[in-house]
Amino acid sequence: MKSTTRSQNIGTVISIRGSVVDIRFDNISSDNQLPPIRTLLRTGKDNSIAIEVFSQLDDQRVRGIALTPTQGLARGMQVEDTGEPLQTPVGKGILSRMFDVFGNAIDKKDALIDVEWRSVHNEPPSLARRSTKTEVFETGIKVIDVLMPLERGGKAGLFGGAGVGKTVLLTEMIHNMVGQHAGVSIFCGIGERCREGEELYREMKEAGVLDNMVMMFGQMNEPPGARFRVGHAALTMAEYFRDDEHRDVLLLVDNIFRFIQAGMEVSGLMGQMPARLGYQPTMGTELSQLEERIANTGSGAITSIQAVYVPADDFTDPAAVHTFSHLSASIVLSRKRASEGLYPAIDPLQSSSKMATPSIIGKRHYDLAQEIRRTLAQYSELKDIIAMLGMEQLSPEDRKVVGRARRLERFLTQPFFTTEQFTGMSDKLVSLDDALDGCERILRDEFEDYPESALYMIGAIDEAHEKSKQASEDKPKTEEDEDATSLHDA
């Protein structure tokens, strides 16, 4: 696949412990040097077993991690030094294709043409090359655009435990953005289910957005070495489109926690002493080497949205804490909101964005966002009183706050393209102006006489008129009963 001009360096397997392989090179000379760290070695039948050098034990022995299963590998087998690190294909020919960590196409299509191979290990762009321009990146999802706007060329994280909707939200963002996004989208699946990858490929094909998309997967059944390198391979592709073709790139990663987890497994296999909660001592460095490559330069921008699994919903877990520090926007998904049917289940009080300042998003947007947060925070404080004493014990002003907050919560829900087959509701893409207008009108009590259900799962605020009218036609009873019940349930 790739050739090298240097004389062939052949070693011998001397020890195998799971994915850890020790190799001795006897013919070390000025021509044949001991393989440097990160060099790819090949062995086994048809050179099918790939090993990456992780450390040099002495002047003749190296220790590597197998990136493929090691079945059939035995002591005494010959190992070939490729003289190069792991490489991945880049170029126009990779668009609309699906790859594994070695750059092999896994979509059963024709062989790759019009590509070149590049190392997956690159340095982040220097500070001199980075762009300092700040722009908002619209997603069409109301709650994100209003309360935690994303940055073009920034990094946003979707934090949540198992089953709260991280992958659904990520898939929806792909659908919304690829249609209106002139650049290239790269999806990187790290240690997630192959079912999700197959579904995503099918959905993107049906949506007609596959032509400007590349997918790369290192699934959960693959060895930790492969899962650990798949993020670097996807970033090499993203850097090609940014630096060589001067295009904007949308990089979607599902799931960054699995990258940290793969590093933890590799670290354990290499015999390193674990740090707190069993994580590898080098976690901060490994995550930085990946995250710092995602950046704006004068030629283009890589905007990244990353799903981050939070173990046991514990946001003090070191994996979540280290990831938080790299992000310009943190979107926290709440199990409680998901159980109430408020989708997307984003917790507006825990989520934040560095873009939410008056100088970037404008004074009107900033003031509205602050008022929405204030209203929702007051409602959160009043919930205990409502649960113990009921709505009757609240002052008239507090009742108004509760009504506004509940209507805001429902207005900030939205039907998704991804879930249309389950809900039967067609997706709504809402512009920032429409979302701000709706929130402002709710805060000014324009909809206090409307049932809360009229604001649930709609797009722009004007749809509430139609929904309310339809509900009153369908329901012969008075609406006061329903309003009283819904406020009591609060």
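**Cavities, pocket, cores and a strand**

Author: The lining of the largest cavity consists of nine nonpolar, two polar and no charged residues (Ala, Val, Leu, Ile, Met, Phe, Trp, Tyr, Cys and Pro count as nonpolar, Asp, Glu, Lys and Arg as charged, and the others, Gly among them, as polar). This is a predicted model, in which local features need pLDDT of at least 70 and side-chain atom pairs count only at pLDDT 80 or more, while totals for chains, interfaces and linings use all residues. Residues are numbered from 1 along each chain as its sequence is written, and side-chain values use heavy atoms, with hydrogens and water left out.

Reader: How many cavities of 30 Å³ or more does the structure hold, and which residues line the largest cavity?

Author: On a 1 Å grid over the protein atoms alone, a cavity is a set of points where a 1.4 Å probe fits but cannot get out; a pocket is an open set with protein on both sides within 12 Å along at least five of seven lines; lining residues have an atom within 4 Å of a point. Grid points are joined across faces, edges and corners, and a volume is the space filled by probe spheres set on the points. The structure has two cavities of 30 Å³ or more. The largest holds about 60 Å³, and its lining comprises Cys188, Ile190, Gly231, Ala234, Leu235, Leu251, Val253, Ile256, Leu290, Ile294 and Gln306. Helix H4 supplies the largest share, three residues (helices, H or I, at least four residues, and strands, E, at least two, are DSSP runs numbered from the N terminus).

Reader: What is the volume of the second largest cavity, and how do its lining residues divide by class?

Author: Its volume is about 30 Å³. Two nonpolar, two polar and four charged residues form the lining, among them Arg193, Glu196 and Asp254.

Reader: Which residues lie nearest the centre of the largest pocket?

Author: They are Thr167, Val168, Arg193, Arg195 and Glu196, out of 24 lining residues. The largest pocket has a volume of about 510 Å³. Helix H3 contributes the largest share of this lining, five residues. By class, the lining has seven nonpolar, eight polar and nine charged residues.

Reader: Which residues have the most contacts inside the largest nonpolar core?

Author: In soluble globular proteins, nonpolar side chains tend to be buried together. A nonpolar core is a set of buried Ala, Val, Leu, Ile, Met, Phe, Trp, Tyr and Cys residues joined through side-chain atoms within 4.5 Å; buried means under 20% relative accessible area, exposed over 50%, partly exposed in between (1.4 Å probe, protein chains only). The largest core here has 63 residues, and Ile144, Leu150, Leu169, Met173, Met215 and Ile305 have the most contacts inside it. Helix H10 (residues 363-389) gives the most to this core, seven residues. A second, separate core has 52 residues, including Val90 and Ala262.

Reader: Which residues point each way from strand E12, and are they buried or exposed?

Author: In a regular strand the side chains alternate between the two faces of the sheet. From E12, Lys155, Gly157 and Phe159 point one way and Ala156, Leu158 and Gly160 the other, all of them buried. Two strands pair if DSSP finds at least two bridges between them. E12 pairs in the parallel sense with strand E16 (residues 302-309) over six bridges, and Val308 is the bridge partner of Phe159. Four bridges join E12 to strand E17 (residues 329-332), also parallel, where Gly157 stands opposite Ser330.
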